[in-house]
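Student: Could we go through the charged side chains of this structure together, one question at a time?

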Amino acid sequence: MIQAVIFDMDGLLIDTERLSLSCWRRALGEAGLPFIPEIITDCRGTGHEESKKAFDHHLKGYTADFDALALRTKELMTEAILEEGLHPKVGVFTVLRRLRELGYKLALATSTSEQTATRYMKTLDIFDAFDVRVYGNMFKRYKPAPDIFIKACELLKCAPVDCLVLEDSPNGLKAAHAAGTKPMMIPDLSDPTEDLLPILYAQGATLLDVLLVLEEDRAGKESLH
């Protein structure tokens, strides 16, 4: 039976992935580089080195300074968030409150740095909803490597098989599966692909669907697919 729920952040709790997409598009345009959607798909949910490899692959033949592009994108995102604020995804507050009431252990496992993620969580007043928090800067290997979810399970003192991981990105779902947890996809910018479907424990349209999956788990029923 599921005892703990592990949450990704960007694109799952906060609507930052669309903002990131727009800022990358602008940064690439300013540098005179083409916008190739597959670059962002390959980078979503992973770390700096993996993202750099994706840029080098897709922009082969172009002179592209990835570090400068990443810095400019971060600047554009900071400006936009200061101007527009952070926007939680549908169901965030309801689901966190209800899971606490039901006694589930909760963890945050995000590829974002501790400094940035902490600022975002405190801005939305959900930082204290989590029993455990693990951040990308704590690991040498990023998603799709399973390290971050393995560590979250250890800190939660739960076996991976008893942990439901909520993710929106393919890299995150692959990492959750590799860690031996139960991956549930809540799509944001990426829809489930044929190669992802076999590894999913469940999928939903919004975070609110998590409540039904957990209800069925408590009743001993099979998950939704």
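Student: Leaving aside neighbours within four places in sequence, which residues is D217 in contact with?
Tutor: This is a predicted model, and in it D217 is found in helix 9, which covers residues 209-218. Once the neighbours within four places in sequence are set aside, the residues in contact with D217 are M1, I2 and Y201.

Student: Which side chain of opposite charge is nearest to D217, and how far away is it?
Tutor: D217 is buried, yet it has no salt bridge. A salt bridge needs a side-chain nitrogen of Lys or Arg within 4 Å of a carboxyl oxygen of Asp or Glu. The nearest side chain of opposite charge to D217 is that of K182, at 6.0 Å.

Student: How many salt bridges does a search of the whole structure find?
Tutor: Side chains of opposite charge can pair when their charged atoms come close. Although D217 has no salt bridge, a search of the whole structure does find such pairs, and their number is 15.

Student: How many residues apart are K89 and D15, whose side chains meet in a salt bridge?
Tutor: The side chains of K89 and D15 meet at 4.0 Å, N to O. K89 lies in the loop between helix 4 (66-84) and helix 5 (92-102), whereas D15 lies in the loop between strand 1 (4-7) and helix 1 (17-30). The pair therefore links distant parts of the chain, with D15 counting as partly exposed at 28% relative accessibility. The separation of K89 and D15 is 74 residues.

Student: Which residues are linked with K89 in a network of salt bridges?
Tutor: K89 already has a salt bridge with D15, and this residue belongs to the network too. The residues linked with K89 in the network are D15, R18 and D188.

Student: Where do R72 and E75 both lie?
Tutor: R72 forms a salt bridge with E75, and their closest N and O atoms are 3.4 Å apart. Both residues are partly exposed, R72 with a relative accessible area of 23% and E75 at 38%. They are 3 residues apart, about one turn of the helix, and the element that holds both is helix 4.

Student: How many residues apart in sequence are the parts that D195 and K174 tie together?
Tutor: D195 forms a salt bridge with K174, the closest N and O atoms being 4.0 Å apart. D195 lies in the loop between strand 5 (182-185) and strand 6 (202-203), while K174 lies in helix 8 (residues 170-178). D195 is partly exposed at 49%, as is K174 at 37%. The parts that this pair ties together are apart in sequence by 21 residues.

Technical notes. Residues numbered from 1 in each chain as written. Predicted model: local features only at pLDDT ≥ 70, side-chain atom pairs only at ≥ 80, totals over all residues. Heavy atoms only, no water. Helix = DSSP H or I, 4+ residues; strand = E, 2+ residues; numbered from the N terminus. Buried < 20%, exposed > 50% of the residue type's maximum accessible area, 1.4 Å probe, protein only. Lys, Arg positive; Asp, Glu negative; His and termini not counted. Contact = heavy atoms within 4.5 Å.
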